[in-house]
Amino acid sequence: MVARAVLPEICTAFLALLVLTVDLAWLTTWSESARKTLLCVVCTLALGIAWILLDRNWEPVAIPTLGWMASPGVTCLKGLIAALTLGSLWLSRESSFTKHVGEYFALTLLAAVGAMILCSTQHLILAFTGLELLSLSLYVLTAFHKDRALSAEAGLKYFLFGGVSAATMLYGFSLLHGATGELLLPKVAMKLAAGPVEPIAVMGVLFASAGFAFKISAAPFHLWTPDAYQGATPGSAAFIASVSKLASFALLAQVTWVGWNPAGVAGNASLGSAKPGWIAFFAFAATASIVIGNLAALAQSGFRRFIAYSGVAHAGYMLVGLIANTQDAAYSVLYYAVTYAIGSLGLIAMSAILENRRGSDAISGFAGWMRESRFLAVCLMVFLLSQAGIPPLAGFFAKFYVFSAALKSHGAPHGVFWLVAASLVASCVALYYYLRIVRAAFEARDLAEAGQAPGMPALWITRAWIGACALLLVWWGCFPDKLLSLLRGS
Amino acid sequence: MTFYLALSVLLFCVGLAGVLARRHAIMALIGIELMLNAANINFIAFWRHSSAADDLSGMFWMIFSVAIAAAEAAVGLALVILVFRHRRSVRLDELESLKG
Amino acid sequence: MTGVLDILWLIPALPLLVSAILSLTPARVKGGAAPLSIGALGLGFLIACAALAEAVSDPGQVRAHNFTWFEFGSSAVKIGWVLDPLSALMLVMVTFVAGWIFVFSIGYMSHDENFTRFYCFLSLFTSAMLGVVMSNSLLMLFACWEVMGLASYLLIGFWHHRPSAAAAARKAFIYTRIGDIGFLLGMLWLYAETGTLLLYDNGAGCLEANALTQLAGAAISTGMAASTGIALLLFCGAIGKSGQIPLHVWLPDAMEGPTPVSALIHAATMVAAGVFLMARIHPLSTATASAKPIVTATAPANATAQSAQPAVRMEAAPKSQAHAEAAAKPTEAGGDSTSSPTLTLNVMAWVGALTALLASLVAVAQYDIKRILAYSTVSQLGFMFLGLATGGPAVGVFHLLTHAFFKALLFLGAGSVIHGCHEEQDIRRMGGLWRRMPATFGTYAVGMMALSGVPLLFSGFWSKDEILHSALAWSGSKWPFALGLVAAVATAFYMTRQMAYVFFGPHRGHPAMYEQGHRIPVTQPHESPMVMTLPLGVLAACAILLTVVGTPMWPWLHSVLSGHAPEVRREVSVGVLFAMLISILAAGTGFTAGWICYMRRRASGFNDGDPLQTRIPSIWRCLESRGWIDELYKMSFGIWTAAAGRFCDWLDRIVLGGGVRMIQNAALATAWMGRLWDEFFLNGGFARGCEQTRNSADRASLVQNGQIQRYLRILAGALALVALWIIWK
Amino acid sequence: MEGGFIAMPTDVILWILGGLILISAVMSLALRNLIHCALFLMVCFLGLAGLYLHLNAVFSGLVQALVYVGAVGIILIFAILLTEGGGTETGSHLGSQWRTGIGLAVLLAFALLGAVSNSPQTTQAARHTEEPTVREIGLKLMTDYLLPLQTIGLLLTAAAIGAVVLAMQEPKPRKDETP
């Protein structure tokens, strides 16, 4: 029973070590792309077989002493994480950047283990170690292109920002620990609800929130995001944008809903003014993210930075759902995070193709896309419109769920109402910049003038991943409850 | 108790000030280490003043955080060296190729 | 019995399917596109007719077919479709009019290289409109509504190599999106209050008695009932979509698309969607806390209130008790009754009346044949809202239906004229066409008389007359009626002017046509082919024939829309006759004035000034530049932006330091936001907008200067500020 | 130990240790010579270890001394030698906006001290005087803290791989993309 609950992590961790061993033992003389291909195939097969063999019909398992909680729904989330990880691994084949292929794969998989741990932990120490496992691997992955100064710079900046945030978060946890003396989220909630909340507990919650805000790149803790996205290789950037965001939101939803819920303990909803200050903090962060993210995204000329800034805005929208702090809202945020992660993976894959094709990731390079590959242009449109929240796509339902859950909560109706209204206005602005890219892609461009032959140099496997992502977004847009029931494990 | 908390607060802020003020990347790293250590003071102090007799959680927090700090230092210094190879300098204010 | 209901989904699904097929068809294959699209619509039309027959057989009943789309939390979100007289009538109208527009396009677009793509978009567009009409859930309605917006974006910008077309497309999209924010908010609010977005659901829908009472009772902080707030927010969406003041500026520009698209947008779809939405949620806008609204599937209409007062025919289906009471009064006007209309209705009436007046005045001073018609559409939509607000859905929807036919007719006629005159759109370059294009002239004349309300024979007269009557009898204020009346005069006037310019007088072709001393133009205007004139004929016939369903003698449409069996009235009250007289007088005044100005003194050359221009130049200039609305937006937002910029400069000078720099950046962002709005509200100069955006964003993204320590300072600053704020709160 | 902004511990050793920690921390960040900084940092770490020992947390104190002074400090010195060679920075050792940075840190310190001084928890007397045995700690690690322990194992693996890959001198350095 216990084994089943941690099976995904164990599989992935072993796979990481296996891949590392195989690569270092036998493959060092192979060419980079051949090694990547082989390792990708190995990973895909291993994870695929594990997923098929996995028994998905079981009762939720909770191991209170370990602070571990697993259920079929959580396992599905981990499956999604594994799939997104595979996607970013395959995407790493788009460019050649390292001789340490085995290490790259092992680190990515270890980071994925960290991400999976975040999905089912309710234990603060475990949460922190999981976060650090994820973050540390990401710093290295960002700087993995050792021949590129930009990559190293991005890695160092990411590391310093992340280090300060991690220290802040740890300090917050230490204060929270002092105020409550507990490690498990449900017990923390009980302690917080039991008496008047002490100032150090408020400070602890605040500092820990700041650390979370870094992980989900909410403004004003987002400043590392564009630099890291731009400097990293496509595979790493895709991993940061999809898996890391998704897992961080899964953890944050858990923490806010189970651990810091002012009304979390039944029968004690009267905390009133003494509630921990994270709601105010996240309201501030959400507003800042929505404003700054959307405005800065409008101004970008590089596609990667554009994705980063629009991701900041999306983090703001998701925070609106967390502020509502209901069970429905937690699930809707997960839903949003999943659709966002899939869309981001697709967009970063697009940016990889764009860079290979045009030599830079300038948005203007999308001109004539339609002429060159109709398939890619249509997929690009699906990703962008889903992120923008146009109805028949999954992104719309993500927004719909989050905002309606927020409006339904009875915590602070007026504040939340204004936040939702602001989000909607901002998403109108956002639509403009998303459409700008769509229009660029569908504009005619003289190929002869640009000196390029028609046809897009994208690997078929990348195309397949892109197509799969686009298809998922359309599919979940038409049948939104499919994903929701997956996440709920029903 | 207040003594320990105040000590840790001061240590945390000294570390933060170091990160914010020094130009050298390794000094920023030292600052981060100090910030992590500030948290450790809290953990140990809270462990000592904890109400439950067999509660060792503060202790374990501290042990894990030390391990993490060591790992962070290793990765951070590797990054610093990497940047130094590219630029022959690790001044933080000279790292501005990525912006906008 | 439920047979038609079960296959109702085919009506939008067929065009959608066609659109999907066409999107995969290579551009070279032109053959199948038109027959396929028209066939799908034709089939849809047949089903819609069957549905209409069924709906009319028992008009009081609302048949809905619901199913669960997805589960969300504890509640399920259901969608479905609805069959009641309103949706059935709209379905018939849309399939019919759109079908003939499709036929017309065969001729009009025959030379276009993207013929297939055009039909693909058209089908998608129509399908979305049909979805809006029949959906029984606000969510589904909104989804279709958005798809329609997207399709209109594609269609208006169909000739995207023209910069003006691309700009117009973006303008249309952005302006309607502004309204849609209101729609979405209203929808979310409604969902939060009632937990359902279904309109009719056996008593559990949000338009049924229970939900309405609850909504009307729930007050928000400003003292407004929730129902009022929601209805007003939804009305924002309708304002955007139907081009009402202050979001009307996109609509006249939308004629940049191919003419059949204009016909489709201005007549059968898109703009009609807004009016339809308000008609659909009419119970919501009339809901008051005291009176329980009476429109449900379970309680078949207010037949008692209606039949008790046979003399008040034109009071047209009062749907709230307030109106029922008003109608029950023996004083026949029913105007000065005890209860006043709700806030929503007030807003709607005023917006409608003002739009009707302003747009019709602006139309007087335009020279582009399609632009005149576009402003006329804005104006007529204003009439529809006026009718909806003062007389209930039946009045507004009647005008919507008649207008769909004659406006489609007029646009197609204009298309035929443009086609015949070799893409000439300026009416000063036309003239004397009645001899060369007799079929177009005849049908156009019918449309023109219907629009301006020539009495007795033309459908437009009856529908407009009804609106004026109910506005006269309205208990709120008499001003909307007065505004509407002036608008009616102006309507007749500008249509006469247009006829005079286009079809009479000498032909004033473009100077380029008179090459090398030729006395007569090289290329003569010519009549359009049969495939284009046939739709004109059919629509013209309908514009006349539609009269029979809405006269005071046999108000079939009203009875059906208000939910009871039609019957023949023998007596017509004095008030009705009075209103009729007034509207005849209005139309007559307009015609006479037009005749005096334009027919008697025909323009002979291109450069002859407009007679009005020479007489009242100042007003003329105002009207010619469309009331300076665009400029007004530009001015107001420009000033705001400049002030914000100055404020930022001031901040920059006196405030230093990293922590406070955040505030400055926020202010900069505000300034920049203002500039952004400015760009949106401007004359669609989006290319320039991007440029300016880039410049100001450079200022806005000062934060991200690449210095990691600045990032960290911002982190620490934010943390410190929030910590201080929380501690000493 | 009750009341007051900073309660006065009766223990003189605590004051000495606290002073040592803070002063060496400040010195480790204020000095110009990086090697000196690193040495002061080790003094600070040692002070902390002493503090833990004084609080009866012998195991923690040993861990602190071993890991921080033994491992982290040594790596730091290596890194300094590898990057700066001599150790003394040329030019200003402070960033251009260092005043703002320090000001923000002071602000944050005020906020935190405000919170700390108002906390009722802080007046509790010490309970734990017994030192946990290593065996106790080991047992707990293998039961209640099993998952974090495993995770830390993975974390250290990842960090080791990452650090080696990044710091390794490539055999044939290719040309920089952006010189």
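**Entry 1: terms and model**

I start with a cut-off: a residue is buried under 20% relative accessible area, exposed over 50%, and partly exposed in between. I note that the model is predicted.

I looked up the secondary structure of chain D. I found six helices and zero strands. Along the sequence, the pattern reads α-α-α-α-α-α. Chain D has 179 residues, and 42% of them count as buried. I then turned to its contacts between residues at least 6 apart in sequence. Of these, 62% join residues at least 24 apart.

**Entry 2: chain B against chain D**

How many residues of chain B are in contact with chain D? I get 70 residues of chain B, and they touch 85 residues of chain D.

Next I checked the area. The size of an interface is often given as the accessible area lost when the parts come together. Here chain B and chain D bury about 7000 Å² between them. Carbon and sulfur atoms account for 75% of that. B:F3, B:R22 and B:R48 supply 10% of the area that chain B buries against chain D, more than any other three residues.

I searched for salt bridges between these two chains. The count is zero. Polar contacts do turn up: seven residue pairs, with both residues at pLDDT 80 or more.

Which elements of chain B give two or more residues to the side that touches chain D? I list α1 (2–21), α2 (25–48) and α3 (57–87) of chain B. Of the elements, α3(B) gives the most, with 24 residues. By class, I noted 50 nonpolar, 12 polar and eight charged residues on that side of chain B.

**Entry 3: salt bridges**

Side chains of opposite charge can pair when their charged atoms come close. I counted over all chains and got 11 salt bridges.

I opened chain A for one of them. A:R304 pairs with A:E355, with the closest N and O atoms 3.4 Å apart. The two sit in distant parts of the chain, 51 residues apart. A:R304 belongs to helix α12 (residues 303–324) of chain A, and A:E355 to helix α13 (residues 327–358) of chain A. A:E355 is at 24%, so I put it down as partly exposed.

I moved to chain C. The side chains of C:R280 and C:D84 meet at 2.9 Å, N to O, in a salt bridge. C:R280 lies in helix α12 (residues 271–280) of chain C, and C:D84 in the loop between β2 (75–83) and α4 (85–108) of chain C, so the pair ties together parts that are 196 residues apart in sequence. C:R280 has a relative accessible area of 3% and is therefore buried. C:D84 is at 7%, so C:D84 counts as buried too.

D:K140 has 23% relative accessible area, so D:K140 is partly exposed. D:D144 has 29% and is therefore partly exposed.

A:E153, A:K157, A:D227, A:R305 and B:R87 join into one network.

**Entry 4: aromatic rings**

A pair of aromatic rings is described by the distance of the centres and the angle of the planes. I counted 46 aromatic pairs over all chains.

How are the rings of A:F214 and A:W224 set? Their centres are 5.3 Å apart and their planes at 55°, so the pair is tilted. A:F214 lies in helix α8 (residues 199–215) of chain A and A:W224 in helix α9 (residues 224–231) of chain A, so the pair ties together parts 10 residues apart in sequence. Both A:F214 and A:W224 are buried.

B:F43 is in helix α2 of chain B and B:W61 in helix α3 of chain B, so the pair ties together parts that are 18 residues apart in sequence. B:F43 is buried because its relative accessibility is 0%. B:W61 is at 1%, so B:W61 counts as buried.

Last, I followed the ring pairs in chain A. They link A:Y139, A:Y158, A:F159, A:F161, A:F214 and A:W224 into a cluster.

How values were computed:
Residues are numbered from 1 along each chain as its sequence is written. Chains are lettered from A and ligands numbered from 1 in the order in which they are written. Side-chain values use heavy atoms; hydrogens and water are left out. Contact means heavy atoms within 4.5 Å. Buried area is the accessible area (1.4 Å probe) that two parts lose on being put together, summed over both. A salt bridge is a side-chain nitrogen of Lys or Arg within 4 Å of a carboxyl oxygen of Asp or Glu. A polar contact is a pair of N or O atoms within 3.5 Å; within protein, one must be able to donate a hydrogen and the other to accept it, and residues adjacent in sequence count only if both atoms are side-chain atoms. Helices (H or I, at least four residues) and strands (E, at least two) are DSSP runs, numbered from the N terminus. Ala, Val, Leu, Ile, Met, Phe, Trp, Tyr, Cys and Pro count as nonpolar, Asp, Glu, Lys and Arg as charged, and the others, Gly among them, as polar. Buried means under 20% relative accessible area, exposed over 50%, partly exposed in between (1.4 Å probe, protein chains only). Rings of Phe, Tyr and Trp (its six-membered ring) pair if their centres lie within 6.5 Å; planes under 30 degrees apart count as stacked, over 60 as edge-to-face and the rest as tilted.
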